[in-house]
Amino acid sequence: MSGQNEKTCLKVQDLKMYFPVKNGLFSKPRQLKAVDGVSFAIPEGKTMGLVGESGCGKTTVGRTILKLYQPTGGKIIFQGEDLTDLTDTQMLPFRKKMQMIFQDPYTSLDPRMTVESIIAEPIRALKLYGPAECRDRVRELIQMVGLKPDHLNRYPHEFSGGQRQRIGIARALAAEPEFIVCDEPISALDVSIQAQVINILEELQERFGFTYLFISHDLSMVRHISHQVGVMYLGNLIEYAPVDELFDHMLHPYTRSLISAVPVADPIQARESSRIVLQGDVPSPIDPPPGCPFKARCAFAREICGQEKPELMDVGGGHKVACHLYHTNIKPL
Ligand code: SF4
């Protein structure tokens, strides 16, 4: 999906992350397929939004890309380097370039550390600067996220949720990263504060050219911040397109139902658009049945849907969808 002159920052090919689960001492181990063959690419300086209901595997994708888990299969290519099988020591130069902003600003900051120590921690761990330069860098970082140097001697409990998330962003920037996984960075914040955090992320991207993987279940924010969007369901990427193409011409029945649930401000438009309510719950990712992962909840399921898993295929203009309706002679929606 990269344009001709765009360089790819991150490429994920058929990424799989399975976790073994056991019910009892003598039961056969089963596989929880949290991520089951996900592929996408993010150009440098762009944002890919990754959406889906809780438990669909989007956070596991982010964590696996950062090698917090060792992938079960597939490839992670970062700036042309294959990271998939690198050891912890071999990963060290990449740890600096790939950082994460966590979901919960209340638990992700150590309450016993001052803000200065929290932000300086990655600089010290990666030995990026001497003590004096480290102090200057921490002052620069705190101002970059709209806080003051006076705040550095305080502790996390003295700050609001939005301010804590700013501290979390400053810590992620301390290692001078090029790629940042933003894992639901606004979901624990008040609506009034969410836009401020999004604005900071956008300003930083414009200034430093960061590449983001923005994981969220808030489709309005994803539409606002992303250049391209992937939709996940039960560990699979089921639709993937440039942002306006996805929101204006969604194809997959699951994407249609997700987007139909987004509140619309215009009352006329709201009256005209009807909400698609899905029946049933997301099935268990433990040993999922063959065929399309969405078939148990899909109003358009056909015989083939229970037999073959649909591939994520390009239907034109970089818009990819994994649904037999668009890959066979079955009449599309
Ligand atoms: Fe529905 Fe079949 Fe398409 Fe899956 S492949 S979304 S079950 S129509």
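Modeller: Helix H4 crosses helix H5 in a right-handed sense. This is a predicted model, and what follows is computed from it.

The two helices are found at residues 131-144 for H4 and residues 161-174 for H5. Their axes lie 9 Å apart, and the angle between them is about 135°. That angle makes H4 oblique to H5. On the H4 side, the residues that take part are Arg137, Leu141 and Met144. They meet Ala170, Leu173 and Ala174 of H5. Sorted by class, the residues of this contact are 5 nonpolar and 1 charged, with no polar ones.

H5 also packs with helix H3, which covers residues 115-125. Here the axes come within 7 Å and cross at roughly 25°. H3 and H5 are therefore roughly parallel to each other, since angles under 35 degrees count as such. H3, too, passes H5 in a right-handed crossing. From H3, the residues in the contact are Val115, Ile118, Ile119, Pro122 and Ile123. From H5, they are Ile167, Ala170, Arg171 and Ala174. The contact of H3 with H5 divides into 8 nonpolar residues and 1 charged residue, and no polar residue is part of it.

Two residues of H5 link the two descriptions. Ala170 and Ala174 meet residues of H4, and Ala170 and Ala174 are also among the H5 residues that meet H3.

A search of the whole structure finds 1 cavity of 30 Å³ or more. The volume of the largest cavity is about 80 Å³. Its lining includes four cysteines, Cys292, Cys298, Cys305 and Cys323. His252 and His324 also line the largest cavity, as do Pro253, Phe294, Phe300, Ala301, Pro310 and Leu325. By class, 10 of the lining residues are nonpolar and 2 are polar, and none is charged.

Neighbours within four places in sequence aside, Lys22 is in contact with Ser27 and Pro29. From Lys22 to Leu32 the C-alpha to C-alpha distance is 10.0 Å, and the two are 10 residues apart in sequence.

Notes: Residues numbered from 1 in each chain as written. Predicted model: local features only at pLDDT ≥ 70, side-chain atom pairs only at ≥ 80, totals over all residues. Heavy atoms only, no water. Axes fitted to C-alpha atoms, helices over the stretch in contact; angles between N-to-C directions. Helix = DSSP H or I, 4+ residues; strand = E, 2+ residues; numbered from the N terminus. Parallel < 35°, antiparallel > 145°, perpendicular 65-115°, else oblique. Left-handed = near helix turned anticlockwise from the far one by under 90°. Contact = heavy atoms within 4.5 Å. Nonpolar A, V, L, I, M, F, W, Y, C, P; charged D, E, K, R; others polar. 1 Å grid on protein atoms, 1.4 Å probe; cavity = no way out; pocket = protein on both sides within 12 Å on 5 of 7 lines; lining within 4 Å. Points joined across faces, edges and corners; volume = space filled by probe spheres on them.
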